[in-house]
Amino acid sequence: MTDEQKKEEQKPASPEAAKPAAVAAKPPAKPAGPAPEPLDNEQVRRLRARFAATIGEATLDRKQAIVVVARERLRDICQYLRDEEKFDFLTDLTAVDWYDRSPRFHVVLNLYSFARNERLRLKVPVADSCPSVSGLWSTANWLERECFDMFGIVFEGHPSLKRILLPDEWKGHPLRKDYDILKQDTDWVRENLGIESGQ
Amino acid sequence: MAQPQDISTTVLGADEIILNMGPQHPATHGVLRVKLKLDGEKVIGSECIIGYLHRGVEKIGENRSYPQFAPYVDRTDYVAAVSNGLGYCEAVERLLGVEAPPRARWVRTILTELQRIASHLLWLGTHALDIGAITPVFYTFREREEILKIFEKYCGARLTTHAFRIGGLQYETYDGFEEDVKKFCRDFEEKVDEYGELLTENRIWVERTRNVGILTAQDAIDLGVTGPVLRGSGVRWDIRKAFPYAAYAQFEFDIPIGERGDTYDRYLVRMEEMRQARRIILQAVDSIPEGPILARVGKVIKPPPGEVYHSIEAPKGELGYYIVSDGTIQPYRLRIRPPSFINLEAFDKMVRGHLVADVVAIIGTLDIVLGEVDR
Amino acid sequence: MTLLLETLKPYLLPLIRVLVVFLGISLIVAYLVYAERKILAHLQVRLGPMRVGPHGLLQPIADGLKLLLKEDIMPAGADKGVFLLAPVISVIAAFTAFSLIPFAPNFYITDVNVGLLFLIGISSLGILGIILGGWASNSHYPLLGALRSTAQLVSYEVALGFALVSALLLAGTLSMVAIVEAQQRQGVWFVFLQPVAFFILFVAAIAETNRNPFDLPEAESELVAGFHTEYSGFRFSLYFLAEYAAMILVSSIAVTLFLGGWLRPFARVRALDFLDFTPVAVLVLAAAWCFRECFRYPATREWRWQRLLLLGLGVGALGISAGLLLPARFLPGGGEGLPAFPALTAIQGVFWFMSKVFLFLFGFIWFRGTFPRYRFDQLMSLGWHFMIPVAIANVIFCSLAIVLSRQMGWGLPATLWLGTAATLLVAALLRREKA
Amino acid sequence: MMFAQGSFYVLAAVAVVSALLVITRRNPVHSAIYLIVTLLSVALLYLQLQAEFIAAVQIILYIGGIMVLFLFVIMLVKLDVALRQPPFNQQWWVAGAAALVLAVELVGVIYLGRGTAALPQAPPGSLQPNTELIGRTLYQNYMLPFEIASLLLLVAMVGAVLMARRKAS
C-alpha cells in the first residue's frame, strides 16, 4: 500500500463529509426536508469486512443506499456484489462532475437485485479514468461510452471506447460543468454542417 | 448509401456486404442508423449509430429550475410524454420529501396507464407495418386518437402534454373525465381483441415473429433490458409491483411474461399489458378519491442537498431519473435512465444470425423511440 | 390507293384490337390503382383519395401526369444503357402477353395453338426487367431486391407451371380459346374439378406479381422500394404499369383456365338467362350512385365541376345501358339473324371476363390489406417444400384420375375429386412433417 | 413471301451480330443481354418455321430460366475483376481462323449441294398442331432415348448439388 493509494482512498470521504457542512451553512428552504444519514447494515459490514478500506462512506439518502467505493477494486467489488450479494442487474451507470473537488468525478453505478428487490448505488470517485465493468454487465458497454462521451472519463478495459451520441470528431465533453450550455464545437459545425453557428 | 464498388466486392459468400440502414429508412422508427454486415441476406454483425437526435436534455436540465425542466422531459420519449412527466415529478417530489395527494395520484395513474396503451398501440401499428401488415396501424391510430382526445380535454395538449406538476396536478379533471375514460375502456376491450384476431393467430405473423430475436432471461438481465422486453424473456419484474409508485399499490393487475423471449412473446406481453392497463384504469376511475390535487411544495422548489434515483415503469421499460441537488433551484446533475437506449443495446445480440427482414422485426419489437435513445 | 387498302386490310382489324387492348389495359391499370387505394382505405377505416374529382375519380390521371412531369434521376454509378432498358423490358413483356388472352369469343388479338406456353414465356421475360433494373441501379437495396425477386419468381414459376398443367390435362389443348371452349363443352369450370391446382395458381400468381404477402422484392420496411428504389418519374411509372398489368395478366390466365373465361355463370341453365342483363343492372346502379352523390354534394360554386362530372357520368352510364338494350328490330335491315339485343350480346363475353378478373384483383387487394409479409427463407420453403410437391402430386393424381376414368368409364368429376382428395392428403402430410 | 424473307434476313442478322457482341463485350451483364437477344431472334426464326412449340420452349427455358439464372450468378461475381481481365486469351486468332474455315466450308457445302439436296419446303397453310406431333414422337417413337436423356440430366443435377454441398460443408 503506497502513500498515493492511501491518499486516493481517503479522498472520497472528504467531499461527502463536506456536504452536510455546506447545507448547514445555508438556511434550509424547508426544515422538514429529507437529509442523508449514515448507513450501517449487514451488507455494508460484509462489504467492509471483505474489501476493507476500499469501501468508503455508506449513507442512506431518501431511503436509498449509497456506498462510496474506491476505483482500484471496483471490478472486484462489483463481481462480489453481482455474484454473492445477487445484485445481478446494472440499472444505470453515469457520472457526476464535481468540478471543484478532487478527484473531480463520481461514477455512479445503480445496481438492482431481483432476488432481494433492493437497489444499491455505488459511487466511485475518479479523476479521469475508471475501470470498466462492461465485462461484468454487457449493458455497461454503451453506458460507459456515453459517460466517456459526455464527461471524458476513460474506462479502462472497455472493448471499444468511442463516442456514442456525439459525432466521433467532436471536441469537448458537454456534461462537464465547465462546458457552457451554449458552447459547441464550432469547427466541427462549420466543417460538417456548413453553417457558422447554431446559436 | 455505401460506395458503389462495395457491390462488386461480393463474391459468392466470400465477402460480406455492408448495408447501411438509416438514418432515413422507412423502418428504423426515426433517425436510427444501423450498419449491417451481411453474408447474402444473413446478418453477421451490426452496429447502431445513434445520436442524430441528441439535444443535450440532461445538460438543459442542469440549467433550468426544477419546474422549468418538466416540459423538456415530455420530449424525450415523445410518444409517452405523460409517463415521462410522472417519472420526473415523482423523482423531484421524492427529492423534496413530499408526496402528491391521493386524488392526484389516482389521476396520474389513470393518465399514465392510458399513455401506456397509447404507446403500445403506436408500437403495435408500426411493428405490424414493418412486418408487412399495413392495416393494423390505422386501427391502432384510431384508438390512440381517443386517448389523445382525453389528454387534450384534460390539459390542452395531445402529444407533449406536460400533464403533471411537481407535487400533484395543476388541473382538476374536467367534467365527464370519468365517463370518457370509461367509454374508452368499454370500446377498447373488443378493439384489442380485434387486433389479436388480425395477428395473434395469423400464421404468417407467427412465422415471422416466433424464434426471431430470442433473448434469454440471462442475456436480458446481463444486457440490462427492462420493460416488456425483459418480461418477454420470462422475468416477472415490473416496477409497478417491485417499487409501487403513484397509486399502483391499490390496484390488482397481472404482469404478463413470455416463455421463449422471442418477438412473438414480446408481442403477446405487450398485448396483455394493454388489457391489464385497461383493468387498472377501470379500477382507478371508479375509486378516485376527493381532495386536493396539489401538495404543498412552496412557490420556489428548492430541494435540500442530496440525491435520489426514482424510476417508473414507462411503456418502454424502466425510466429512471437520478437527480443530484446542491440545494439550489436547479438540479446539480440530472440523469435520465432511458429504457430505449439500453434496450437498443440488446439489438446486436438479437439480430446476429437472422435475415435482413428480421432486422426490422427486431427494431420493432424493441419499441425504441429515438428521442429517448438520443435525448 | 385501293391496292394499299387491300394489302393493309388483314392488318387493320388486329391493329385496332391491339390498340383497344393496349389502351384498355392502361386505363384499367390506372383505375386498378385507384380501386386498390379505395378498397384498402375502406378496409383501414379511412376514405382514400377524395380530392381530385368526385370521390377522387380523377386521381389516377393526376398521378399519371405527376409521374410524367417528374424529374428522371439516374444514380451516378448506374449502368446507363441497362438502367434505361430494364423498365422497358418489363412493360413490353407485361403488355405483349395480353395479345394471347381471349377476352371474349369474338374479341382477342390472336390465338396460337401453344398460346399458354407463349404466355408463360413472355411473362417470364418480365423477370429480366426486374433483375437488370436492380443490378443497373448500382445500389444495395435494389440489388438485394432484384436477387430476392429472381429467386422468388423462378421458384414460383415452377409451381405455377404445374398448376397450369393440371388444367391442360382437362382441356387437352394449349390454345387459350380452346381451353375456354373445353370448359363450355364440359359444362363445368375447371376450378370445380381442380380446386388444388386453382389454389396453387392463385398463390403462385400472387408471388409472381410480388404482391403481399409475397412482396419481399419491394418490401418497403426492409429494402425501401426493392429493385426500383433508384427509379423515379416516368421510368418508375413504367415499372408500376408493368406490375399492375402483370396482376391483370395472371388474373386473366387464372380466369381463362379455371373460371371459364368469358362464360357466364351457369351458362347452360336457361332459367338463369336473366343474368345476361347484369351489365345493364350494373350500369343503372352506377348511374343511380352518381346521381345520388351529385345531389349530396353541396350546391355551391366550388363543387360545381364535381357535380357536373358526376351528372355526366350518370347520364353516360344510363346512355350506355340504353344502347345495350337497343332491340335488334330497330336496327337498319330489321336485324335479321341478330339476337334480340345485339349490343348486349356482343359485350357479354368481355363483361363476364372482366368481372371475374376484378374478383380476382379484389382478392389481391384484400390480401394486401390483411396479411403480414413472409420472410425470404419462409417464402422459399413454402414454395419448394410445399407448393411444388403438392402441385406435382396434383398433376400425378389428376392424370391418374383421367386415365382411370377413360379406362374404366368412371365419371370424370368423381374420379378427379378422388385425385384431389389424394393430393390434399399429401399436402396434410407435408404440413405435419414441417411442424 | 417478301415479308417472310425480309424478316428472316433481319432476324438472322440480329442473331449473328448479337452473338458476336456476346463474346466481345467485357461486361458480362452486357454479354448476357446480347445472348438474350440472340436467343430471342432464334426463337422468332423458329416461329417463322411454324415451330411454335420449339419457339415457346426456347423462350421459357432459355430466356426465362437459364438466362435469368445466368444473370443471377453474374450479379454475385466480382465484376471489376472481370472488367480488368482481357476477354480473350492468346490463341484467339487460332480459334477465329478455325471458325472462319468452318464458315467457308458450310457455305461451300450448301452452295455445291443446292441441286442435289433440296431443303424441305414447309407446306402452305398451317401445319397440324405440332405440339401434339412432338408429344407423340417423343413419348411413343423415341420413348427410350427421351427417358435416357432425362435420366442423364437428373444425374447431372444430383452431381451438381452434391458438389455444391461438399464445398459448403
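Trainee: How much area is buried between chain C and chain B?

Mentor: Keep in mind first that this is a predicted model. On the contact side, 30 residues of chain C meet 40 residues of chain B. Carbon and sulfur atoms give 61% of the area buried between chain C and chain B, and the whole of that area is about 3100 Å².

Trainee: Which residues of chain C lose the most area to chain B?

Mentor: Look for three residues that together make up 22% of what the chain C side buries. They are C:His140, C:Pro372 and C:Arg375.

Trainee: Which residue of chain B does C:Arg375 form a salt bridge with?

Mentor: The count between chain C and chain B is one salt bridge, alongside nine residue pairs in polar contact, both residues at pLDDT 80 or more. In the bridge of C:Arg375, the closest N and O atoms are 2.9 Å apart, and the partner is B:Asp358.

Trainee: Which element gives the largest share of the side of chain C that touches chain B?

Mentor: Several helices of chain C supply at least two residues each to that side, including α1 (2-43), α13 (342-370) and α14 (376-408). The residues there divide into 11 nonpolar, nine polar and 10 charged. The largest share is five residues, and it comes from α5(C).

Trainee: How far apart are the end C-alpha atoms of helix α5 of chain C, and why does that agree with its residue count?

Mentor: The helix covers residues 140-171, which is 32 residues. At 1.5 Å a residue it should span 46 Å, so the distance in the model agrees: the end C-alpha atoms are 45 Å apart.

Trainee: Is α5(C) mostly covered or mostly open, and how many of its residues are buried?

Mentor: Mostly covered, going by its 32 residues. Just past the helix, C:Gly172 takes a positive phi of about 70°. As for α5(C) itself, the buried count is 26.

Trainee: Is C:Lys356 buried or exposed?

Mentor: Start with where it sits: C:Lys356 lies in helix α13 of chain C. Leaving aside neighbours within four places in sequence, C:Lys356 is in contact with C:Trp189, C:Val255, C:Leu259, C:Gly260, C:Gly261, C:Trp262 and C:Leu263. Its relative accessible area is 6%, and the cut-off is under 20%, so C:Lys356 counts as buried.

Trainee: Which residue of chain A forms a salt bridge with B:Glu62?

Mentor: There are eight salt bridges between chain A and chain B, and 28 residue pairs in polar contact, both residues at pLDDT 80 or more. For B:Glu62, the closest N and O atoms of the bridge are 3.1 Å apart, and the partner is A:Lys177.

How values were computed. Residues numbered from 1 in each chain as written. Chains lettered and ligands numbered in written order. Predicted model: local features only at pLDDT ≥ 70, side-chain atom pairs only at ≥ 80, totals over all residues. Heavy atoms only, no water. Helix = DSSP H or I, 4+ residues; strand = E, 2+ residues; numbered from the N terminus. Expected span 1.5 Å × (residues − 1). Buried < 20%, exposed > 50% of the residue type's maximum accessible area, 1.4 Å probe, protein only. Salt bridge = Lys/Arg side-chain N within 4 Å of Asp/Glu carboxyl O. Polar contact = N/O pair within 3.5 Å; in protein donor to acceptor, adjacent residues only side chain to side chain. Contact = heavy atoms within 4.5 Å. Buried area = accessible area lost by both parts, 1.4 Å probe. Nonpolar A, V, L, I, M, F, W, Y, C, P; charged D, E, K, R; others polar.
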